[in-house]
Amino acid sequence: MDRWDAREIYRPEPSAGSAGWGVQDPVSRDLGAVFLPLPQEDGPYRATADGALDGTQMDLTFQSFSEAAPGPKWQALFQKYWPAYRAWYLSDGLEQRATWLACKEALETYMPRLMPTYDALCDLAGGKDLPSRFLSLWKPPAYISGCSQVVWLGDGPKLIRNYDYSPALMDGVIMESAWNGTRVIAMTDCLWGVLDGVNEKGLAVSLTFGGRRTVGEGFGIPVILRNILEFCETAEEAGEMLAEIPTHMAYNVTAVDRSGRFRTAYLSPGSRPIIKSVPYATNHQGRIEWHDHARATATLEREQFLRFRLEDDSLTFPKLVEAFRRQPLYTNAYSSGFGTIYTAVYDPIAGTALYLFPDGTVKRFGFGEVGETAWHVPIDGSGAPEIRGMDWV
């Protein structure tokens, strides 16, 4: 793979309205304690009888569907998941959540083009106060994940990532939409946000936790990634958007477009965004600030592993994807809140999304090919993932 230019592209001055990005109390709870398990009847997570809730034996249910405009399919999803998300949203008290007016004003200020979609979703959610506040993702509760991601350019740009998180807080939904005229395939979070995805303009994005404990005034990153895929075409546009919208916690976001240009944004409340031309990210931003999290997630080891792989001239795309199915990139620390739930591979030129699951299940989707399906993914939390042949590459 060609060497990349890791210079800092820009460190923007805070924009008007962002000068007051405040930092509140840091996350100080033990790892894993920030996760609120979903009721079993409402979420994708199931613990088997012999595995109880210790993370050793689990069964996840994933589903996919396509709906061009917000409608009955999304409404059914909301009705199924809202009891669990309501409990999560209120987990540290209603007084910690912003008012509906503050949430609406924040969206209007930072993501005005997303407002018609937000209003439509709020209507489908019943037009009530609390769901509307939740859907804004303005100043949500803190949550922590692991994750690794890398850009491959060798035979055409691709974005590969492992999503490491608590199975109890996983939507398990792959959704194709065209809410603002651009088709998007994404793994959802908080019912309309994006963990990772690709749009038909040829842009792919994914996120990782940034490894800092600060919590401030800002949005949960999934709604920002939704905004990117709805309206951006290039990695440069994605970087500019990320520099203008405040986040409530530290995140690293990597974007790559069909031309092969890529950006990684290092975001944190109270700090100026840093945008670099770096093709990988794990769970820190330069120096380590949260040492317990860094040790638990092996963020430095994973970053070095990815860098060394990209500097290996003999590396092939199948070998790189296979590396995401093994340690140190793959982890089975599900009971701690950051086990590998899936590996995603996005091709911005072909417009495809490929998902690899721990049991060896492979799902591939292109635009116009996302049907209404559901499947179960058993996870052995004490073992390694199934690795099948690479004939899907």
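Predicted model: local features only at pLDDT ≥ 70, side-chain atom pairs only at ≥ 80, totals over all residues.
Which residue in β16 is the bridge partner of T352? The bridge partner is G366.

## Overall composition

The protein holds nine helices and 17 strands. Of its 393 residues, 60% are buried. Take the contacts between residues at least 6 apart in sequence: 70% of them join residues at least 24 apart.

## The six-stranded sheet

T352 belongs to strand β15, which spans residues 352-356. That strand sits in an open sheet of six strands. The order is β13-β4-β5-β14-β15-β16, and the pairing is antiparallel. Two strands form the edges, β13 (280-281) and β16, and each of them pairs on one side only. Helix α8 (residues 299-310) packs on this sheet. The helix touches β4 (148-152) and β13, and its direction makes about 15 degrees with that of β4.

Inside the sheet, β5 (residues 158-165) runs antiparallel to β14, with seven bridges joining the two.

β15 is mostly covered, with five of its five residues buried. Which residues point each way from the strand? T352, L354 and L356 point one way, while A353 and Y355 point the other way. All are buried.

β15 pairs with β14 on one flank, in the antiparallel sense and over five bridges. The two strands make a hairpin with four residues between them. In that hairpin G351 takes a positive phi near 70 degrees. Across the pair, D347 stands opposite T352.

β15 also pairs with β16 (residues 362-366), again antiparallel and through five bridges. This hairpin has five residues between its strands. Its turn includes G360, with a positive phi of about 95 degrees. L354 stands opposite R364 in β16. T352 has G366 as its bridge partner there.

## D347 at the end of β14

D347 is found in β14, which covers residues 339-347. Is this aspartate buried or exposed? D347 counts as buried because its relative accessible area of 14% is under the 20% cut-off.

A polar atom of the D347 side chain lies 3.0 Å from the backbone nitrogen of I349. Leaving aside residues up to four places away in sequence, D347 touches P157, K158, V198 and T352.

## I174 in β6

I174 lies in strand β6 (residues 173-177). Its relative accessibility is 0%, so I174 is buried.

Which residues does I174 touch, not counting those up to four places away in sequence? The list runs Q63, S64, F65, I185, A186, M187, Y355, F365, V370 and W375. Y355 is one of the buried residues of β15. The C-alpha atoms of I174 and G197 are separated by 9.2 Å. Along the chain, these two residues are 23 residues apart.

Two packed helices are described by the angle between their axes and the distance between the axes. For α2 and α4, the axes come within 9 Å and cross at roughly 35 degrees. The crossing is left-handed. On the α2 side, the meeting residues are W100, C103 and L107. On the α4 side, they are D129, S132, R133 and S136. By class, this contact has three nonpolar, two polar and two charged residues.

Helix α3 (residues 115-124) also packs here. Its buried residues are M115, T117, Y118, L121, C122 and L124. Against which helices do they pack? The partners are α1 (72-89), α2 (100-110) and α4 (129-136). After α3 comes G126, with a positive phi near 105 degrees.

How values were computed: Residues numbered from 1 in each chain as written. Heavy atoms only, no water. Buried < 20%, exposed > 50% of the residue type's maximum accessible area, 1.4 Å probe, protein only. Contact = heavy atoms within 4.5 Å. Polar contact = N/O pair within 3.5 Å; in protein donor to acceptor, adjacent residues only side chain to side chain. Axes fitted to C-alpha atoms, helices over the stretch in contact; angles between N-to-C directions. Left-handed = near helix turned anticlockwise from the far one by under 90°. Nonpolar A, V, L, I, M, F, W, Y, C, P; charged D, E, K, R; others polar. Pairing = 2+ DSSP bridges.
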